[in-house]
Structures are given as C-alpha cells and as structure tokens.
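Reader: I would like to learn how to read a few side-chain features. Please start with charges and rings.

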Amino acid sequence: MTPSPNATEATDAAAVTDERLEEMVRDACAAPSMHNAQPWAYVFHRRSGVLELLADAARTLPEEDPRRRALHLGCGAALFNLRVAAARAGLHAWVSPLPPATGGDVLAAVRLRAGEVEREAATLHPAVAERRTNRQPYEETRIPEVVREQLSRAATTERARLVFPGGWHYRMVLDILADAEAGETTAHRAEEEAWLRAEEAAADGIPRTALGPRMREGEASVREFGERPDGPWADFEREPQLALLLTQRDEPADWLAAGQALQRVLLTATRAGLSAAPVTRALEHPSLRWLLRDPSEGPGHVQMVLRMGYGPSVPLSTGRRTPDEVLTYRD
C-alpha cells in the first residue's frame, strides 16, 4: 500500500491496544512461508506508533533461498494478513516498504490508523484461519473461468500478475517442474529435512503428517521431502492446474509485494473453495526460474508457482509461533 500523506502522524493509540495488536500479529503469523520457517519478527514502537516488520535472520534457508527471495515472500504474505486483520478491526494499515539500506533486516513500517479501511480485505478475514497448504491429490475438475478471473484480479490489486499457462507454455512449465524435482541436491535435501517435524504440535516446520502422499501416477509436481519408504502413495492429477505469479521487477521490494499478492490470491482461493500448494523447487534454481516465464507476454519474473484445484479438506493447520515469540515492544 502507498503510505498515507499523514504517515508522520502517530498511530491512534486508543485504537491499537496491546491486546488488539497481538490479535493482528497472531493472524499475520498464520501466513505461509517456505518450510513453515516463519522468517518474521515485529517490533512495535509505542512512542511513534510504528510497527516494524523484520526478517528473522535465524530462520533463513541459505541453501534453498540464498538471496532471501522466498523469505521476503513469506514476510509479504504475513504483511497482507496483518492488513486483513487490521481491516477487520476497523483500522487501516499504511505500509511503507523500506529498502535494505535503511534498516538492515527491517522490511516495512506499518502505521495502524482508525478511519477508512480496506473493505475487500476485511471480507477475507475468515479465510486467514481456513487457508491450508494442501499436498493431497486434487480432482480433475477445471477451475471455472470466473474464479480464475477473481484470482487474477486479486494479484493485480497487489501489483502482480497471475497467469494460468496453456498450450506449449503449460507443457514447458510441467517439464521444468519435473526436472527441478529430479535434480534435488544433497545440501538442499539436508536443509529441507531440518524443517520436518515429528510432532504435529510443533510451533514451526512441517509435521510429517502434513506431507501428503507420494505420487504413484499423474503429472502434478509433488515435493518428495526426502526418503519416505513407509509413506503412502496415491494417484495425482493427470493435468494439474498451475498458476504463475509474476512481478515486473525482481528486487526485494518486488518480492515483498509478491508475498502480499500471493496471500491475497490464496485467501481468495480459499474463499472460493479451492485448494492450493506452492511448487517451489524450480524457483530455487535461477536458470530454471527464468525459463518458467512465457517470453511472448513481455518482461516479468516468476515469483511463485501454485498447483490449484479442488482437493480434500485438510483439517489441521501447521503450527505457528505466538505473538509472545515474535512481537517486541519498545518505548
């Protein structure tokens, strides 16, 4: 969002109590992030009324995300959830993205003010708790065009594009995703497995029970998450429905914006009864990531690939850290 012309004014202290702020941060923490690493932290400055969003350097993925692009996407998704929670609380979140040179790991400054709210964002609030990463097989049922248009508008609202590839481009994307899954390195596998959790109640990482089955038949791109000799097998979609999220530029500010667009798309999809799962392995390789785009559509950088469709319900969400663990207050 563009900063308010009055962004130097103090946040409405009466409207932003500690309890309300912690509720909003709890909703923000429900956002998806790569391996559920939750690479965010928040600092609320009481005197200025500024809530800072920071990257948590201890939760980076140096092998799979050396440029911290995926970290920015996760933090951007959390930022959009914060905007949704603020809108539900009758507040407007004025967001000022900050270049890295201004504050190290400080990614954005947010002022929460009473007044006009993002009404459409507020309608998405129930989907914050309902959204799941669904790694199960989906139905072959095609997503209606009207729903695809809704998802595309959601991305456009956040200065990104959502493309459903077709024809030769679709076939090429499928091949690239398959090559990426087959080319996993030992270092990547070790980092990935470090974020797997045996306990369903773990506060971060991915519980093994949430991994979903291995693919026996189908062309869906399914992350294997290491060797699972005892894991279940299932047939996946023969023609998986894929969506590419793109931005015009490829700088940290664009990654943060892409994260907000991604979450708006995911919440819109949840509200429409759709399931979704990120497909990220190809995005971890710069050469493959560049090949995912359709050059005939002009410049653009693919920030996320989503497998979307109608899947079974996923009753349990993965664990999240609490506001006590991610939010700090300063005078």
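Author: A charge sits over a ring if NZ of Lys or CZ of Arg is within 6 Å of the ring centre and within 35 degrees of the ring normal. Here, arginine 293 lies over the face of tryptophan 290, 4.4 Å from the ring centre. Likewise, the charged end of arginine 148 sits over the ring of phenylalanine 164, at 4.5 Å from its centre.

Reader: What kind of model is this, and how are residues numbered?

Author: This is a predicted model, in which local features need pLDDT of at least 70, side-chain atom pairs count only at pLDDT 80 or more, and totals for chains, interfaces and linings use all residues. Residues are numbered from 1 along each chain as its sequence is written, and side-chain values use heavy atoms, with hydrogens and water left out.

Reader: How many disulfides does the structure hold?

Author: A disulfide is a covalent bond between the sulfur atoms of two cysteines; the rule used is a pair of cysteine sulfur atoms within 2.5 Å. The structure holds zero. For cysteine 29, the closest cysteine sulfur is in cysteine 75, 10 Å away, so the two are too far apart for a bond.

Reader: Is cysteine 29 buried or exposed?

Author: Buried means under 20% relative accessible area, exposed over 50%, and partly exposed in between (1.4 Å probe, protein chains only). Cysteine 29 is buried, at 1%, and cysteine 75 is buried too, at 0%.
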